[in-house]
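Reader: Could you walk me through this structure, please? I would like to begin with what lies inside.

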Amino acid sequence: MQGIWFSELQTPGLALSIKLKKTLHHEKTPYQDLAVVETESYGRMLLLDNIIQTTVGDEFFYHEMIAHVPLNTHPNPRTALVIGGGDGGVIREIIKHPSIEKATLVEIDARVVANAREYLPEIACGLDDARVEIRFEDGIEHVRQMENTYDVIIVDSTDPIGPAVGLFSTEFYRNVYRALKPDGLFVAQTESPLFNARLIRRIQRDLAEIFPIARLYLTTVPTYPGGLWSFSLGSKEYDPLEVDWKKAPQLVTRFYTPAIHQAAFALPPFVQEILEKRDEEEF
């Protein structure tokens with residue numbers, strides 16, 4: 001076997017191996033181990049603590065779906081907050097919406113943003129837009145301090161380990177509700193339905209207690225565990241299944257379309273069963 005391979009241990013029984021051309025950058029930031037590598041199959045790839053965060057080859061599956069579903073669900077989003085997402089991909093998609101007046105990115109690790117600007121310009125290209133404000137601080141604390149501020153909040157977090165655990169808590173979702181305007185909504189990435197069933201079920205139940213509308217939707221991300229990924233949406237007023245597409249902006253995208261927006265909420269039976277099960281039924 002020739003060449004250098006990177007393997008991410010995605011679960012105790014599953015690894016994804018990708019052949020590398022070279023390592024472009026590696027450092028220990030104040031928060032995590034960061035690397036940018038060049039791969040044969042997906043182009044440049046960002047790793048945090050040896051976990052794949054994004055690649056040039058498949059990032060659009062994720063960034064378009066986490067951004068455009070909530071932004072098209074809200075009929076007139078003017079202010080948006082992104083928690084995490086230091087690579088800039090969600091911001092790039094947000095500023096495609098002409099109604100957006102301000103997009104705030106709250107990223108705890110400034111080195112993620114700096115390296116994205118240098119090595120992932122296709123993803124980070126929206127960070128210099130005049131409507132974008134970048135704040136290097138704790139997203140959990142930022143949301144706690146806000147009230148009636150944002151139309152849309154998007155939580156583009158790492159996996160629920162280490163500092164990111166708090167971004168998956170009931171307390172955080174209650175603070176998100178308070179930080180949203182009276183008709184606001186939010187979306188968070190909520191991991192793999194194949195490997196994180198209990199987490200998804202708990203989050204959906206928490207959101208159903210906090211928000212009048214709580215929904216789960218799916219996309220595919222080839223380099224994420226299992227290839228199938230979930231997003232959880234909580235809305236105070238607007239239902240993502242009732243978008244007025246005649247008023248929606250015409251967007252240049254590679255994956256997202258109005259038809260895919262609608263289809264993403266058509267859950268396969270095994271995912272529907274995840275939402276309906278009781279935790280003790282898994283044992």
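Reader: How many residues does the largest nonpolar core have?

Author: The largest nonpolar core has 37 residues. A nonpolar core is a set of buried Ala, Val, Leu, Ile, Met, Phe, Trp, Tyr and Cys residues joined through side-chain atoms within 4.5 Å. Buried means under 20% relative accessible area, exposed means over 50%, and partly exposed is in between, with a 1.4 Å probe and protein chains only. M65, I94, Y217 and F231 have the most contacts inside this core.

Reader: Which element gives the largest share of this core?

Author: That is α1, with eight residues. Helices (H or I, at least four residues) and strands (E, at least two) are DSSP runs, numbered from the N terminus.

Reader: Is this an experimental or a predicted model?

Author: This is a predicted model, where local features need pLDDT of at least 70 and side-chain atom pairs count only at pLDDT 80 or more, while totals for chains, interfaces and linings use all residues. Residues are numbered from 1 along each chain as its sequence is written, and side-chain values use heavy atoms, with hydrogens and water left out.

Reader: Back to α1, then: how many of its residues are buried?

Author: In α1, 15 of its 15 residues are buried. The helix reaches 22 Å from its first C-alpha to its last, close to the 21 Å expected; the expected span is 1.5 Å times one less than the number of residues.

Reader: And what is M65 in contact with?

Author: Leaving aside neighbours within four places in sequence, the contacts of M65 include F60, Y217, F231 and F255. Contact means heavy atoms within 4.5 Å.

Reader: New topic: what is the order of the strands in the open sheet?

Author: The order is β1-β2-β3-β4-β5, with antiparallel pairing. Two strands pair if DSSP finds at least two bridges between them. The edge strands are β1 (4-11) and β5 (51-55), each pairing on one side only.

Reader: How many bridges join β2 to β3?

Author: Seven bridges join them. L20, for instance, has T39 in β3 as its bridge partner.

Reader: Last one: is P160 buried or partly exposed?

Author: P160 is partly exposed, because its relative accessible area is 25%. This residue lies in the loop between β9 and α6 (170-179). Not counting residues up to four places away in sequence, P160 touches V165, F168, E191 and L199.
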